[in-house]
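Let's take a walk through a protein structure together. Keep the picture open while you read, and look up each spot as we get there.

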Amino acid sequence: MTISRRDLVDDLLGAHPELTRRAATAFVNDLIATIVAGLKKGDSIRLGGFGTFSVKQRAARTARNLKTGESIAVPPSNTVRFKSAKDLKAALNTPKKRKGSG
């Protein structure tokens, strides 16, 4: 299952019924925009209990087209790295309780 931006807005509205859809949508959009702006500046974005987003630079390299065998120059680029927090890892690795047990 994939969670979309709309799903995030719906979950936010479910947790905070006093918000309007417009306000919840603005919050989600602003949060994403703030993360992107920070990464563009080269900052790391740390969300306690969730994880850290950072930018990693990929060096230029030479690749090979597998069909033709031709060498291709791949320019340097940036990519986003995510390192999950210990709390997130623990939550993901907590055994689920089975129905009817206990």
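Which residues form a nonpolar patch on the surface, and how much accessible area do they have together? Before you look, keep in mind that this is a predicted model. The patch is made of Met-1, Ile-3 and Leu-8, and together they have about 400 Å² of accessible area. Take Ile-3 as your landmark: you'll find it in the segment before α1, the helix that covers residues 5-15. Ile-3 has a relative accessible area of 53%, and since anything over 50% counts as exposed, Ile-3 is exposed.

What holds strands together in the first place? Strands of a sheet pair through backbone hydrogen bonds, and they can do that in a parallel or an antiparallel way. Here, β2 and β5 run antiparallel, with eight bridges joining them. For one spot to check on screen, find Lys-56, which stands opposite Thr-79 in β5.

Next up are the rings. The count for this model comes to three aromatic pairs. One of them is Phe-50 with Phe-53, a tilted pair with 6.4 Å from centre to centre and 40° between the planes. Is Phe-53 buried or exposed? Its relative accessibility is 19%, and the cut-off for buried is under 20%, so Phe-53 counts as buried. Phe-53 also pairs with Phe-82, again in a tilted arrangement, this time with 4.9 Å between the centres and 50° between the planes.

What does this second pair tie together? Phe-53 lies in strand β2 (residues 51-58) and Phe-82 in strand β5 (residues 77-84), so the pair links parts that are 29 residues apart in sequence. Remember that β2 and β5 are also joined by those eight bridges.

While Phe-53 is buried, Phe-50 is partly exposed, with a relative accessible area of 37%. Phe-82 is partly exposed too, at 38%.

Technical notes. Residues are numbered from 1 along each chain as its sequence is written. This is a predicted model: local features need pLDDT of at least 70, side-chain atom pairs count only at pLDDT 80 or more; totals for chains, interfaces and linings use all residues. Side-chain values use heavy atoms; hydrogens and water are left out. Rings of Phe, Tyr and Trp (its six-membered ring) pair if their centres lie within 6.5 Å; planes under 30 degrees apart count as stacked, over 60 as edge-to-face and the rest as tilted. Buried means under 20% relative accessible area, exposed over 50%, partly exposed in between (1.4 Å probe, protein chains only). Helices (H or I, at least four residues) and strands (E, at least two) are DSSP runs, numbered from the N terminus. Patches are made of residues with over 30% relative accessible area and no salt bridge: like charges are joined within 9 Å, nonpolar side chains (Val, Leu, Ile, Met, Phe, Trp, Tyr) within 5 Å. Accessible areas come from the Shrake-Rupley method with a 1.4 Å probe; for residues, only the protein chains shown count as cover. A salt bridge is a side-chain nitrogen of Lys or Arg within 4 Å of a carboxyl oxygen of Asp or Glu. Two strands pair if DSSP finds at least two bridges between them.
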